[in-house]
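Here's a quick briefing to read alongside the model. Have the sequence and the 3D view open as you go.

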Amino acid sequence: MPEFLLPFGPFHIVLLHLPIGVLAAILFVEVFLRDKDDRKLPALGMLYFLFVLTTAFAIGSGLIYEKSGKFGDEVEDHERWGFIFGACALVTYVLSWVRRKKKNPGVLAVYVVALIATTGAMVVTGHLGGELVHGKGFLTKGFKSDERPAPPPPKESSSNEPPQTSTTVSSGVTPSVLANSERMDSQVMTIAAVDPKVALFNAAHAVLERNCFECHGATKQKGDYRVDSAEAIMTVGRGRKEPVVAGDPNASELYYRILLPADDDDVMPPSKKPRLSPQAIEAVHDWIAAGAYWPTQAELDAAKGSHSNVGTPATDKAIATINQTGAKAEYNAWGDGSVRVDLGVVFPEQLGTALQAIGSLKSELIWLDCSKLKLPNGFFNGVTRFENLERLHLDGTNVTDTDLAALGQLPKLKYLNLYDTQVSDQGLATIEQLYGLEKLFLSGTKVSEPAVESLRRNRPEIDVVYRK
């Protein structure tokens, strides 16, 4: 998408109403202004031309708005139905013209079917667009009863999960409160003299930051609701229910929604997003039950100085060893013990040592940046040991189509940057088999436009960034 068009994206909110209004006018003329001489047909021709024109503008501005970064994968259904609506509009316009030239009962019947299909496509497209802004079940919520059943209790952790070990707490906070993410229950946390209220907040905030900020943060507020500040998280959104009632999780809409079944319209995170673990749900519950205290920045800074990062001593040692090679290794900010490593800052003569050092991380490494490096033979076979790797930067490297085959052994890989590499159409066959992939950068490669379009058709859930 050309950069100069991006400022016009928000006009989609205005333009989308124009084809709806014109289609309503067409239906009004057809239903209420029928006459034997069809004197309304010239007026219909003008309306149809305006209908197709405004539909094109609405679709074009929608594609621009999509690139603003305000929407994730949930926009795909709306986009797909937008194209269906556009196709129906064009077909109906052509049939209206044929009907005008040939007054044939068969043509009239096909035209009526096309008009009905266009109206249906408009309703579905508008409904899906409304869900992007107002939440799931946009058009149907008004017909449902306000009485909602009690959500099921959070599931208990499996007895096969590894127990927490070496957890030292001197502030009265239970270890379960601190297990605040999907992988927390196998990690080690040491806390010394931390205010219990701050510790509870940190555990809950890590859950919110990782799972909620994308849709309810500074850049996007679905349902007019935010969770990234003390004032915002307490402010009622479009749901008109108290999101957080301090001291009472069961009366808090935020807690209610994270307990709902995965197929419920109101479940949070939405059904296409990963569900919260029992430990994460418990962290939110305990924070609200204790009064939903939101500490000041001074209190947070003091707490940072009073406890160590979440992680094991072995991981701490591995990070220190990696940093000694010139690479940059650190814990991610999600509070779950996961690690990110940037190899792009390593001097060439230290790269082998750095690669050897990161081998000790294994399941802890989820983010690896190898930008602009000349990677040695065997690198890609070695990277398969990082079973939880989610993000891999290979932009500007010497990666080849053959090298990509090894990535099939990374089931959790979500993000892959191949910008400015020699990857070609042959490599896309491998990429298409990466079923967890969500974002892919292909600009500056040898990949052809037809191959990219084929990938987009076969794997529409992947956000492919490609500019020839």
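How many residues does the largest nonpolar core have, and which of those have the most contacts inside it? That core has 50 residues, and L343 and L368 have the most contacts inside it. Keep in mind that this is a predicted model, where local features need pLDDT of at least 70, side-chain atom pairs count only at pLDDT 80 or more, and totals for chains, interfaces and linings use all residues. Residues are numbered from 1 along each chain as its sequence is written, and side-chain values use heavy atoms, with hydrogens and water left out.

**Nonpolar cores**

- A nonpolar core here is a set of buried Ala, Val, Leu, Ile, Met, Phe, Trp, Tyr and Cys residues joined through side-chain atoms within 4.5 Å.
- Buried means under 20% relative accessible area, exposed means over 50%, and partly exposed is in between (1.4 Å probe, protein chains only).
- Two or more residues of the 50-residue core come from each of α12 (313-324), β3 (328-331), β4 (339-342), α13 (351-358), β5, α14, α15 (425-431) and α16 (449-458).
- With 5 residues, α13 gives the most to this core.
- Helices (H or I, at least four residues) and strands (E, at least two) are DSSP runs, numbered from the N terminus.
- Leaving aside residues up to four places away in sequence, L368 touches V341, L343, I358, F379, V383, L389, R391, L392 and H393; contact means heavy atoms within 4.5 Å.
- Another core, of 26 residues, lies apart from that one, and V207, Y225, I281 and A283 are among its members.

**Surface patch**

- F28, V31, F32 and L33 make up a nonpolar patch on the surface, with about 430 Å² of accessible area together.
- Patch residues have over 30% relative accessible area and no salt bridge; like charges are joined within 9 Å, and nonpolar side chains (Val, Leu, Ile, Met, Phe, Trp, Tyr) within 5 Å.
- A salt bridge is a side-chain nitrogen of Lys or Arg within 4 Å of a carboxyl oxygen of Asp or Glu, and accessible areas come from the Shrake-Rupley method with a 1.4 Å probe, counting only the protein chains shown as cover for residues.
- F28 sits in helix α2 (residues 17-32) and counts as partly exposed because its relative accessibility is 46%.

- M268 and P269 are joined by a cis peptide bond, with omega about -10 degrees; P269 is in the loop between α9 (253-259) and α10 (278-289).
- A292, not a glycine, has a positive phi of about 50 degrees.
- You'll find A292 in the loop between α10 and α11 (297-304), and it counts as buried because its relative accessibility is 6%.
- K372 also isn't a glycine, and its phi is positive, near 65 degrees.
- K372 lies in the loop between β5 (365-369) and α14 (379-383), and at 70% relative accessibility it counts as exposed.
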